[in-house]
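Biologist: I have a model open on my screen and would like to go through it with you. Could we take it one piece at a time?
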Amino acid sequence: MLTLDNVYRASFALKGVIRKTSVLYAPKLVNDTELYLKTENLQTTGSFKIRGAYYKMSKLSKEEKERGVVACSAGNHAQGVALAAQKNGINAVICLPDGAPISKVEATKSYGAEVRLVEGVYDDAYKKALELRDKEGYTFIHPFNDEDVIAGQGTIALELVEQLPDLDAVIVPIGGGGLISGIAYTIKSLNPNIKVYGVQASGAPSMLNSVKDHHIETLDSVSTIADGIAVKSPGDLTYKICSEYVDEIVSVTDDEISAAILALMEQHKLVTEGAGATAVAAAMFGKLDIKGKKVVCVLSGGNIDVTILSRVISRGLLMSGRNCSLKIELVDKPGQLKSVSALIADMGGNVISIHHERANEGSDVNGCYLMITLETRNFDHLYEIRDALVKAGFKLL
C-alpha cells in the first residue's frame with residue numbers, strides 16, 4: 001500500500017543513487033510571487049523517473065530479477081528503468097513509441113537496455129510491453145500506476161518540506177499522474193495546508209478531464225511538444241490519488257510551454273523539456289491563484305531533443321513578444337523602405353528579414369507590400385513600434 005512509511009523507505013533506498021536536487025529562487029519569472037524551482041531536470045538520467053523506477057526494482061525478489069524486467073515509456077521512465085536495471089544487474093527491455101526523441105532512445109540504450117520501438121504513442125508502447133510480459137515472463141515496471149513507483153516519486157516531497165518548510169504551494173506536471181500522486185500524497189500527509197496544483201498540456205488533458213468528470217477518460221489522440229506527458233489515459237490508482245489529494249488541475253498550450261522553456265534558459269540557464277516546463281508555464285501565464293504566495297515549480301525533466309529546440313525557442317520568442325512579423329502596405333515609390341527601416345531602428349527594433357512584393361491583381365496599381373520580421377524587447381515595445389508606424393502614415397495589415 002501507499003503509505004508515508006513506504007515513501008520514507010524509498011528515500012532510504014535511494015541514498016547514493018539519486019541527487020537531492022537543488023531548489024533555486026526564481027524572482028523574475030512571475031511578478032508578486034515568491035517562486036522557486038525544484039531542479040529534477042538536473043537529476044540522474046535527466047528526470048525524476050529514476051526515483052520510482054529504482055525503488056520499485058530494489059524490491060523485486062531474486063527470481064524476478066533473474067527473469068528480467070520490461071517497461072514502456074515516452075523516454076524518461078525508459079532511462080530510469082535502464083539505469084536502475086544496470087545498477088541491480090537486471091536485464092531490461094524497454095518499449096518506446098517510435099516518435100520518441102532520438103536523444104532519449106540513445107540515452108536508454110547507453111544504460112544497457114534493449115529498446116523496442118513501437119508504432120504510435122505511449123499507450124501503444126504500453127500494450128506491447130504487456131504482451132512481452134505475458135510472453136516472456138518479465139516483471140512489468142509501470143511508469144506511474146504502481147504504489148512503489150509513486151512512493152519513489154514522493155521522495156521529492158520529503159526534500160521539498162525540508163528545503164522550503166514554509167511552502168504555500170507546489171505546481172507539478174501531470175502525464176499519467178505518478179509524479180503528482182507521490183508528491184500530493186506525501187505533502188498532504190505532512191502538511192495538509194500546502195496546496196498541490198497539477199498541470200497538463202492542452203493537447204493531452206487526460207487527468208484534467210477525468211477528475212473534472214469524476215471518472216477515468218481515455219483521449220482519442222494526444223498532440224503536444226511535451227512528449228513526456230502525452231498520455232491518453234491516467235491510471236486507476238493515480239486517478240484516485242489525484243481526485244483526493246490534488247487541489248486543482250489546469251492546462252497550458254504548446255506556445256506557453258515554449259515561452260517557459262525559453263525563460264528558464266535565458267533567466268536561469270536551465271534546460272528543460274516540454275513536460276519539465278509546464279509547471280512554470282502555468283505560473284507565468286496566470287493559470288493559478290498564487291499571488292503573494294511561496295510556490296515551487298517542479299522541473300520534472302531536461303531531456304529535450306536538440307533537433308526541436310530551435311523551433312521551441314522560435315515559438316517562445318513569439319509568445320514573449322521578442323519576435324514578430326509585420327505586413328505593411330506601401331506606395332511603390334523610392335524611399336519607402338528606407339523610411340520604415342529608419343523608424344524601426346530609431347525605436348530600438350532590429351530587422352532580421354524583409355520580403356517586398358508588388359500588389360496583386362485588384363489592388364492599387366502603385367501599391368506594394370512589405371513583410372518585415374523583427375526582434376523586439378517585449379510586447380510593449382512591439383506595440384510602440386506598431387503605433388509609431390501608423391502615426392507616420394503607414395498602413396499595417
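Biologist: Which helix gives the largest share of the lining of the largest pocket?
Modeller: That is H11, which supplies 5 residues of the lining. Please keep in mind that this is a predicted model, in which local features need pLDDT of at least 70 and side-chain atom pairs count only at pLDDT 80 or more, while totals for chains, interfaces and linings use all residues. Residues are numbered from 1 along each chain as its sequence is written, and side-chain values use heavy atoms, with hydrogens and water left out.

Biologist: What counts as a pocket or a helix here?
Modeller: On a 1 Å grid over the protein atoms alone, a pocket is an open set of points where a 1.4 Å probe fits, with protein on both sides within 12 Å along at least five of seven lines, and lining residues have an atom within 4 Å of a point. Helices (H or I, at least four residues) and strands (E, at least two) are DSSP runs numbered from the N terminus.

Biologist: What volume does the largest pocket have, and which residues are closest to its centre?
Modeller: The volume is about 370 Å³, taken as the space filled by probe spheres set on the grid points, which are joined across faces, edges and corners. Of the 18 lining residues, Lys28, Leu29, Gln267, Met284 and Ser320 are the closest to the centre, and helix H11 (254–268), H12 and helix H13 (306–319) each supply at least two residues of the lining.

Biologist: Switching to Lys294, is that residue buried or exposed?
Modeller: Lys294 counts as buried because its relative accessibility is 12%, where buried means under 20% relative accessible area, exposed over 50%, and partly exposed in between (1.4 Å probe, protein chains only).

Biologist: Which side chain does Lys294 have a polar contact with?
Modeller: The partner is Asp166, at 2.6 Å; a polar contact is a pair of N or O atoms within 3.5 Å, where within protein one must be able to donate a hydrogen and the other to accept it, and residues adjacent in sequence count only if both atoms are side-chain atoms. Beyond its neighbours within four places in sequence, Lys294 is in contact (heavy atoms within 4.5 Å) with residues including Glu34, Tyr36 and Asp168.

Biologist: Where does Lys294 sit in the fold?
Modeller: Lys294 is in strand S10 (residues 294–298), which belongs to an open sheet of 6 strands in the order S1-S2-S10-S7-S8-S9, with mixed pairing. Two strands pair if DSSP finds at least two bridges between them, and S10 pairs with strand S2 (residues 34–38) in the parallel sense over 5 bridges, with Val298 as the bridge partner of Lys38.
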